[in-house]
Amino acid sequence: MKIAYKKMLVTKDKKIALVAHDNKKRDLIEWAKFNKVLLAHHTVFATGTTGGLLENELGIRIHKLQSGPLGGDQQIGSKIVDGEIDFLIFFWDPLEPVPHDPDVKALLRMAVVWNIPMACNRASADFIISSPLMDETYDRLIPDYDSYRNRPIDE
């Protein structure tokens, strides 16, 4: 089945989700401090612990959700599905197993399913935030899942 696409307007003021595993929180905070001026005019969401650390370090308002293991990753995934997150910065630790690994995988999957930009390390985060598209509107193509939703189901 071929999927069609539709456009979703991403405004100049982006809705950014910031997430980091425990071993990567310091890296994310350093990255965010370096990019504080750029982040300040956007709406920033973060999982609980990371959000608290970022708010203290940056002095800007962070919309804090639950901690990742308590459902924060799933909350961000839900916001992606609802069009309330424009891109995801997730500094995850590939060498450290986490008990909520299925939630992490689901979050990364939602970013791909809904075609939002995603950075999983500092280099890719640098490229995304320094893109000229950060300060422009953007027509993001998202799959039109209506044909999938309305497909016949064999009983």
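A residue is called buried under 20% relative accessible area, exposed over 50%, and partly exposed in between. The exercises below apply to a predicted model.

**Exercise 1. Carry out the classification for the salt bridges of aspartate 22 with lysine 25 and of lysine 64 with glutamate 55.**

Step 1. In the bridge between aspartate 22 and lysine 25 the closest N and O atoms lie 3.6 Å apart; aspartate 22 is exposed at 64%, while lysine 25 is buried at 11%.
Step 2. Lysine 64 and glutamate 55 meet at 2.6 Å, N to O; lysine 64 is partly exposed, with 41% relative accessibility, and glutamate 55 is partly exposed as well, with 26%.
Step 3. These bridges are among the 6 salt bridges counted in the model.

**Exercise 2. Determine on which side of helix H3 its buried residues lie, and what they pack against.**

Step 1. In H3, which spans residues 48–58, the buried residues are Gly48, Thr50, Gly51, Leu54 and Leu58.
Step 2. Because these residues cover an arc of only 155° around the axis, they lie on the same side of H3.
Step 3. The buried residues of H3 pack against strands S2 (15–20), S3 (43–46) and S4 (63–64), and against helices H1 (25–34) and H2 (36–40).
Step 4. After H3 comes glycine 59, with a positive phi near 70°.

**Exercise 3. Describe the geometry and the setting of the aromatic pair formed by tryptophan 114 and tyrosine 145.**

Step 1. The ring centres of tryptophan 114 and tyrosine 145 are 5.1 Å apart and their planes stand at 80°, so the pair is edge-to-face, planes over 60 degrees apart being the criterion.
Step 2. Tryptophan 114 belongs to the loop between helix H5 (101–113) and strand S6 (118–119), and tyrosine 145 to the loop between strand S7 (138–144) and helix H7 (146–149); the pair, 31 residues apart, thus links distant parts of the chain.
Step 3. Tryptophan 114 is buried at 13% relative accessible area, and tyrosine 145 is buried at 17%.

Methods:
Residues are numbered from 1 along each chain as its sequence is written. This is a predicted model: local features need pLDDT of at least 70, side-chain atom pairs count only at pLDDT 80 or more; totals for chains, interfaces and linings use all residues. Side-chain values use heavy atoms; hydrogens and water are left out. Buried means under 20% relative accessible area, exposed over 50%, partly exposed in between (1.4 Å probe, protein chains only). Helices (H or I, at least four residues) and strands (E, at least two) are DSSP runs, numbered from the N terminus. The arc is that of the directions from the helix axis to the C-beta atoms. Contact means heavy atoms within 4.5 Å. Rings of Phe, Tyr and Trp (its six-membered ring) pair if their centres lie within 6.5 Å; planes under 30 degrees apart count as stacked, over 60 as edge-to-face and the rest as tilted. A salt bridge is a side-chain nitrogen of Lys or Arg within 4 Å of a carboxyl oxygen of Asp or Glu.
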